[in-house]
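Biologist: Hi, could you walk me through this model? I'd like to start with the charged pairs.

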Amino acid sequence: MADTTDLAILVLAAGAGTRMKSAKQKTLHEIGGRSLLGHSLHAAAGLNPAHLVAVVGHQREQVAPAVEAIAAELDREVLVAVQEEQNGTGDAVAAGLAPLPDFNGTVIVTNGDVPLLRPETIQSLFEAHVAESNAVTVLSMSLDDPTGYGRIVRDGSAVTAIVEQKDAAPEQLAITEVNSGVFAFDGAILRDALGQLNSDNAQGELYITDVLSIARDAGHRVGAVVAPDPSELAGVNDRVQLAAAGRALNERVVEAAMRGGATVVDPATTWIGVNVTIGSDVIIHPNTQLWGATSIADGAEVGPDTTLTNMQVGANAHVIRVHGFDSVIGRGANIGPYTYIRPGTVVGEEGKLGGFVEAKNAQIGRGTKVPHLTYIGDATVGEYSNIGASSVFVNYDGVNKHHTTIGSHVRTGSDTMFIAPVTVGDGAYSGAGTVIKDDVPAGALVVSGGKQRNIEGWVERKRPGTAAADAAAAARDAQPTNDDK
């Protein structure tokens, strides 16, 4: 394997990307939970090069901070080089070399809008470049329809030219091997050739492809390596291509999950981000989306109709029709359906959040159940407690949030209101419809309603002529009198 300590990789991300029609710089658009530029830098970093440089230009105020964030994610240095004016790819490469004034090793140039390119493919380009002692090595691709691409003209294994379609002769138009725009260069030869570039062309720009003819004219060898999968080199220039790249990447990620031991019932409707980890014997049902740093442990079942972002799902948990963010679901827990989990929630092992439950910043102990129609926010609940249906943890007083603490083995009746801050002790019970405003001792029964009062005849007196009054009168008239008994 070639020594990557003598390797620099430049990722070009300076273009305007006007076809994207966006206020966001093109390479910052995302697929698979990562920006296009993030994918390109991750792929380049996979070779562990001595130097990794991102070349920015258009909307650099957006791109430069994004590069810093990606560098932190990669835990390595990524240099930022600025192309002051967009004067072509040759000018961009010259800008990328500026932070490396003394580097003359191998320089690989790739692009920030090619998100599907794998590290292994870049590695094969690097290996061939070094093995063949080339001045320039082109990463090429073979296409059934090469329309629009520069053709690779060969003399045996050596490349003699890259001919753009508009300049190609009929026999050259028949060539199906084309230029991908990814290159490996001898650093010293590249520096010398960049000084010889001129803008005498239709676009008035400096083209990196002109380096090939300059190197050949100087007697140096130019080669090419055919990428095994041309779809890796599909560029993203507009929203249609962005969607196509997203689908292709998702197919790759979903397939990897299945080969890793997960069952994906319907891959076409399942979306998994590149930072998601999935264990074995996981079952993922249709219309499920997994994003961010979500992890699904062995034996868990997720979906259908579920979206999880930055969630930890424990082994053998069941998560059905749930939207969840930045929270933890314990081993063997049952969540859903129609459950909304907001940041900071932790559901303990064998715990339950049932239908139409919303939880936020809630610590729910082992075996505790919140089964139905409940809001639980800013709360701590112990083990094996049960929160009755239609309960509300009233955590907001209009100005500040307050915390509720409930002990273990507590049983609360339906429609209980917990007016925070309040504490309910271990083993306590509450009656249905209770409003808890003060702390409840362990083992106590708390009720807040008085004796029920029935004010007979109220509807007929206060709502005469209504359907309810008519129904009440008919029911009274139908009641047996003492004479009927």
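Modeller: Happy to! Glu255 is partly exposed because its relative accessible area is 39% (buried is under 20%, exposed over 50%, partly exposed in between, using a 1.4 Å probe and protein chains only). This is a predicted model, where local features need pLDDT of at least 70 and side-chain atom pairs count only at pLDDT 80 or more, while totals for chains, interfaces and linings use all residues. Residues are numbered from 1 along each chain as its sequence is written, and side-chain values use heavy atoms, with hydrogens and water left out.

Biologist: Which residue does Glu255 form a salt bridge with?

Modeller: With Arg259, the closest N and O atoms being 3.0 Å apart. A salt bridge here is a side-chain nitrogen of Lys or Arg within 4 Å of a carboxyl oxygen of Asp or Glu. Both residues lie in helix H8 (residues 239-259), 4 residues apart, about one turn of the helix. Helices (H or I, at least four residues) and strands (E, at least two) are DSSP runs, numbered from the N terminus.

Biologist: And is Arg259 buried or exposed?

Modeller: Exposed, because its relative accessible area is 70%.

Biologist: How many salt bridges does the count come to?

Modeller: The count comes to 13. One of them joins Glu460 and Arg476, with 2.6 Å between the closest N and O atoms. That pair links distant parts of the chain, from helix H9 (residues 458-462) to helix H10 (residues 467-478), 16 residues apart. Glu460, Arg476 and Asp477 are linked in a network of salt bridges.

Biologist: Nice. Switching to strands: which way do the side chains of S19 point?

Modeller: Thr306 and Leu308 point one way, Thr307 and Thr309 the other, and all are buried. In a regular strand the side chains alternate between the two faces of the sheet.

Biologist: What pairs with S19?

Modeller: Strand S16 (residues 288-291) does, in the parallel sense over 4 bridges, and so does strand S22 (residues 322-325), in the parallel sense over 3 bridges. Pairing requires DSSP to find at least two bridges between the strands. Thr306 is the bridge partner of Thr288, and Thr307 has His323 in S22 as its partner.

Biologist: Last one: what is Thr106 in contact with?

Modeller: Leaving aside neighbours within four places in sequence, its contacts (heavy atoms within 4.5 Å) include Asp6, Phe126, His129 and Phe185. Thr106 is found in strand S6 (residues 106-111) and counts as buried because its relative accessibility is 10%.
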